[in-house]
Amino acid sequence: MLYLGNLPMRVGAFHPMGTNDIVLNRKLIDAAAKTEPKWKAYVFSILLHEYLHTLGYVDEKQVRSLTYRICLDNFGRGHYIVEAAATGPWVNLSPEAFESLGEEMDLERVPDFERIDSGYII
Ligand SMILES: [Zn+2]
């Protein structure tokens, strides 16, 4: 399941261990949408990073390295997804983007991200 939530700006997303949930930082994605490379590249690299966590990779340094390597192997050097995997969305944000944070997480499930009949999780 994919959720959008208001998280601290330094957090792109998180995966609660033992679940199939990923919570993506709504405020970060909103801020990244105004930057280059394209915001979809940031979302892709963040989701790939969290997917690797769902597979049991818990070491942050290892997951960042794997995310970058997978993007590089599949998209090639110079592609904006590879750049997004290397830098993360934070590099292009203004200081003001870090100031606004709501009091509540305000979780919102993204509908139809995972269909209940897909059956790929045992
Ligand atoms: Zn992580």
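**Fold, core and helix packing of the predicted model**

Residues 24 or more positions apart account for 53% of the contacts in the protein with a separation of 6 or more. Two residues are in contact here if their C-beta atoms, placed from the backbone, lie within 7 Å. The structure is a predicted model: local features need pLDDT of at least 70, side-chain atom pairs count only at pLDDT 80 or more, and totals for chains, interfaces and linings use all residues. Residue numbers start from 1 along each chain as its sequence is written.

The protein has four helices and four strands. Their order from the N terminus is β-β-β-α-α-α-α-β. These elements are DSSP runs, numbered from the N terminus: helices are H or I with at least four residues, strands are E with at least two. Of the 122 residues, 20% count as buried. A residue is buried if 20 or more other C-beta atoms lie within 10 Å of its own, exposed if 12 or fewer, and partly exposed in between, with C-beta atoms placed from the backbone.

The largest nonpolar core has 15 residues. Such a core is a set of buried Ala, Val, Leu, Ile, Met, Phe, Trp, Tyr and Cys residues joined through C-beta atoms within 7 Å. Ala13, Leu24, Tyr42, Ile81, Ala84 and Ala85 have the most contacts inside it. At least two core residues come from each of strand 3 (22-25), helix 1 (26-32), helix 2 (39-54) and helix 4 (80-87). Helix 4 gives the largest share, four residues.

Tyrosine 42 sits in helix 2. It counts as buried because 27 C-beta neighbours lie inside 10 Å. Not counting residues up to four places away in sequence, tyrosine 42 touches Ala32, Ala84 and Pro89. Its C-alpha atom is separated by 9.2 Å from that of glycine 12, 30 residues apart along the chain. Valine 43 also lies in helix 2. Valine 43 has 19 C-beta neighbours inside 10 Å and so counts as partly exposed.

Helix 3 covers residues 60-75. Its 16 residues should span 22 Å at 1.5 Å a residue, and the end C-alpha atoms are 22 Å apart, which agrees. The expected span is 1.5 Å times one less than the number of residues. Just after helix 3, glycine 76 takes a positive phi of about 90°.

Helix 3 packs with helix 4 at an angle of about 170°, their axes 9 Å apart. Axes are lines fitted to C-alpha atoms, for helices over the stretch in contact, and angles run from 0 to 180 degrees between N-to-C directions. The two helices are therefore roughly antiparallel to each other, a term for angles over 145 degrees. Thr67, Tyr68, Cys71, Leu72 and Phe75 of helix 3 meet Ile81, Val82, Ala85 and Ala86 of helix 4. By class, this contact has eight nonpolar, one polar and no charged residues. Ala, Val, Leu, Ile, Met, Phe, Trp, Tyr, Cys and Pro count as nonpolar, Asp, Glu, Lys and Arg as charged, and the others, Gly among them, as polar.

Two loop residues were also examined. Histidine 15 lies between strand 2 (13-14) and strand 3. Histidine 15 counts as partly exposed, with 18 C-beta neighbours inside 10 Å. Leaving aside neighbours within four places in sequence, histidine 15 contacts Asp21, Ile22, Glu50, His53 and Thr54. Lysine 34 is placed in the loop between helix 1 and helix 2. Lysine 34 counts as exposed, with 11 C-beta neighbours inside 10 Å.

Technical notes:
Parallel < 35°, antiparallel > 145°, perpendicular 65-115°, else oblique.
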